[in-house]
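Thank you all for making time this morning. I would like to walk you through one protein model, going from the overall picture down to a single sheet and then to one residue in it.

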Amino acid sequence: MKKRNMALFLSAVMTMGAITACGSGGGGSSETAPSVDPSANPEDISGKVVFVSGNDTTGGVDEMIAAFNEKYPNIEVEKQVLPGASDDVKKSLMTSLAAGDSEPDVFECDIIWISQFAAAGWLLDVTDNLEAKSDEYLSGPLSTCYYDGKAYAYPNYTDVGLLYYRSDLVETPPTTWDELVSMSQEHIGSDGIEYGYVFQAFQGEPISCNMLEFIKQNGGTDYEDGKFAMNNENTIGALEFVKGLIDDGIAPESVLAAKPDDSKAIFEEGKALFMRNWTYAYQSAQADTSKVAGNVGVAPLPVGPNGTESSGTLGGWNYAINKNSENKEAAIIFAEFMSSYDAQKISTLVRGTFPTNAAVYEDAEVLEALPFLSDIQPAVDAAKPRPQVRDYATISSIFAVNFQRALTGESSFEDAMAQMDSELNSALEKMQ
């Protein structure tokens, strides 16, 4: 088996990002993971695991590996960090995986890469292994490990779209769109509040993630039963609501060009009552540099008139195993440990990540340090993945262009969604 030294790629840092994707998948077949005996003596298991991790300045990953080695002293873990930003890391991984290299054995994988890598036949099928312990994980993040009915990864940490609110001004956060609008109208113009709600509609992944949330909050869907059918009243209703937020001054027109950091800056200045953003924004909003520190609450996103449940878009990372690994047993044991309660507790407390293992949300030490996690858990559990198709990057680009056309008035809502459905399903056919 061809084997390339992944250390040739090492020289810089990996910037973790929950909302990036590029490239297209190819055909391929997966390989089913060997069974691992949970009752085996850890000291009887040996091997080496080459692990590609994101750059971690907290030391949390090293602590997790040290905890693993305490339990499995005879499995050597070689941690590597690939150079560049997330897209650069993806390209490096794709180069090695497509060449059939046996390293890395395990790597941190953006959830939106799973379907592409699995479709290409690069990942080990861990369905039986994961489902034996699936009840340990929140259902939202767990769903991101699957492609075409099979599991190709273990949950690592998660990210999800959340509703942030001024807890000093809002006693109970809104659960419906009507409540959000009503509260916004009540507070705009007082206590420094200029806008009711800020979110992100930059033409790219931000508008894709945000609009998928609005649509699903209103009872809509994206990819279902092997096709896209988004030109319907629930999608149109979501577009009308978003356009109304801007036209009525509830949201600034600048949201049409906003990325997550843009919204965060407005909220931290105390100018917005509500904000949609990812989990990373919480600790920043509570920092000394934030004017709203100590007055920030988080809750699930509100529901539209045709919806029945909140739906935040899922981000995050998983642990995937190279199908061509020469150390599959050790790789499985390592990936399972890194997704376990013990390892995720370390990651949550030291790295500041948001766990996918349900028990961590109930840990007394974790809740004492991060009490807001109890508010986030319901949103994480109910969150939905982006379309799990072979080439998500192409799908996201089609989303972004057509959502932007609709919201800027370049096209009617109906025409934009009809065009989008046509382009989406045409792209799906080319992926077959």
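**From the whole protein to one glycine**

Let me begin with burial: of the 432 residues in the protein, 58% are buried, and please keep in mind throughout that what you see is a predicted model. The protein has 16 helices and 16 strands, and its C-alpha trace spans about 65 × 50 × 40 Å along the principal axes.

If we take the contacts with a separation of 6 or more, 78% of them are between residues 24 or more positions apart. The protein exposes about 16500 Å², and carbon and sulfur atoms supply 45% of that area.

Now to one helix, before we reach the sheet. Helix H15, residues 392-407, has 16 residues and reaches 22 Å from its first C-alpha to its last, which is close to the 22 Å expected at 1.5 Å a residue. After H15 comes Gly 409, which has a positive phi, near 80°.

In our model, four strands form an open sheet with mixed pairing, and their order is S10-S13-S9-S14. Strand S10 (195-198) and S14 stand at the edges, and because each has a single partner strand, one side of each is left without a neighbour in the sheet. On average, neighbouring strands of this sheet are turned by 20° against each other, with direction ignored.

S10 pairs with strand S13, residues 272-277, in the parallel sense over three bridges, and here Tyr 197 stands opposite Phe 274 in S13. S13 also pairs with S9, this time in the antiparallel sense and over four bridges, and Leu 162 has Asn 277 in S13 as its bridge partner.

Which residues point which way from S9? Leu 162, Tyr 164 and Arg 166 point one way, while Leu 163 and Tyr 165 point the other way, and all of them are buried.

On to the last pairing, where S9 and S14 run antiparallel and are joined by four bridges. In this pairing, Tyr 165 stands opposite Gly 297 in S14, and Gly 297 is the residue I would like to finish with. Gly 297 lies in strand S14, residues 296-299. Is Gly 297 buried or exposed? Its relative accessibility is 7%, and because buried means under 20%, Gly 297 counts as buried.

What does Gly 297 touch, if we leave out residues up to four places away in sequence? The answer is Leu 163, Tyr 164, Tyr 165 and Ser 167. Lastly, Gln 286 is 11 residues from Gly 297 along the chain, and the C-alpha atoms of these two residues are separated by 10.0 Å.

Technical notes. Residues are numbered from 1 along each chain as its sequence is written. This is a predicted model: local features need pLDDT of at least 70, side-chain atom pairs count only at pLDDT 80 or more; totals for chains, interfaces and linings use all residues. Side-chain values use heavy atoms; hydrogens and water are left out. Helices (H or I, at least four residues) and strands (E, at least two) are DSSP runs, numbered from the N terminus. Buried means under 20% relative accessible area, exposed over 50%, partly exposed in between (1.4 Å probe, protein chains only). Contact means heavy atoms within 4.5 Å. Two strands pair if DSSP finds at least two bridges between them. Axes are lines fitted to C-alpha atoms, for helices over the stretch in contact, and angles run from 0 to 180 degrees between N-to-C directions. The expected span of a helix is 1.5 Å times one less than its number of residues. Accessible areas come from the Shrake-Rupley method with a 1.4 Å probe; for residues, only the protein chains shown count as cover.
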